[in-house]
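Subject: Structure handover

Hello,

Here is the structure I promised to pass on. Please open it alongside this note. My findings follow below.

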Amino acid sequence: MSGIHRAWMAWMAIAVCAAMNPGHSASDAGIPAEISLTPGQIAVLRYKLPAGTVPSALRCGGKDVQYFIGEDGYLNAFISEPCGSRHVPYACRLQTSKGERVAAKVAIEKKDFPRAFLKVDPSKVTLSKKDAARAARERKIIAAVYQEGSAATPYFDQPFIFPVEAKVGSPYGVRRIFNKQQKSQHLGVDFAAGEGTPVQSSNRGKVVFTGDLFYAGNTVIIDHGVGVYTIYAHLSKIDVKRSDVVEKGEVIGFSGKTGRVTGPHVHWGVRVMGELCDGQSLVRAYSSTGLKMEGQ
Ligand SMILES: [Zn+2]
């Protein structure tokens, strides 16, 4: 158990450096973390609890956020900013046995997302009544999966990794225009993996959904705990089942072109604080070994 917590502390020390404004130190108990996010970005909130303070709830920008306490006395939480951010700064407020505390101050920076024009089968853009009914039904199924709630403690104690060894074909946030008709925003990262490439779990977690969806095709959703989910779509084959606990790097299926796609690839989604966010922001702060920082 202590090994797990040591790993957490080392990782969080790296992750938090990437998320915070330069020069800020939250080593002293009770000092709010200062975090800067762009739309779609994920960060790790770290707040050292004052001695004898027992937290009961964390709210960020009016949303309840899951958290856990490490052996180092820090409260940890994964926070995010929605893709369609209104760029309003907010505070993360912690209810405690000693009253309310501000655990973090969050600033939102602007980000421009690129545009892409795509041609797809018209039947997948202007849906038939039957397909529209199916898509609506599936939205409810997925909403119910998330409503079950994420595990209260993390399944994982290591950094997240990308699901497949392939180039990013389409990054998060691209504004997509389908057949000049419908606009949407790409709320995941596409990896240009050929058909049949093994797809691995980004981290340890529990499979909470497997199934064939109209838009996403064969899909796996993994709950990693504390409100963090990863989603793997357009798979040709799924190799896990609901309630399986999978290890980091474990093969959960193979890439394909099921659902609404223009060719084989892996669509990788990350859900934090109820929003589909940029998985690259979760992985970027460190390499898969956790020894080297990339980007930022
Ligand atoms: Zn995609």
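In β17, Ile231 sits across from Ile221. Bear in mind that this is a predicted model.

That pair belongs to the contact between β16 and β17. Strand β17 spans residues 228-238, runs antiparallel to β16 and is joined to it by six bridges. The two strands make a hairpin, with two residues between them. Look at Val226 in that turn: its phi is positive, about 45°.

Now the other partner of β16. Strand β15 covers residues 205-213 and pairs with β16 through seven bridges, again in the antiparallel sense. Asn218 of β16 faces Asp212.

How many of the nine residues of β16 are buried? Eight are. The strand runs from residue 217 to 225 and is mostly covered.

There is also an open sheet to look at. It has three strands, in the order β2-β6-β5, with antiparallel pairing. Its edge strands are β2 (42-48) and β5 (68-69), each of which pairs on one side only. Strand β6, residues 74-80, pairs with β5 over two bridges, in the antiparallel sense. There, Phe68 is opposite Asn76 of β6.

Then move to the open sheet β2-β6-β5.

Best wishes

Key
Residues are numbered from 1 along each chain as its sequence is written. This is a predicted model: local features need pLDDT of at least 70, side-chain atom pairs count only at pLDDT 80 or more; totals for chains, interfaces and linings use all residues. A residue is buried if 20 or more other C-beta atoms lie within 10 Å of its own, exposed if 12 or fewer, and partly exposed in between; C-beta atoms are placed from the backbone. Helices (H or I, at least four residues) and strands (E, at least two) are DSSP runs, numbered from the N terminus. Two strands pair if DSSP finds at least two bridges between them.
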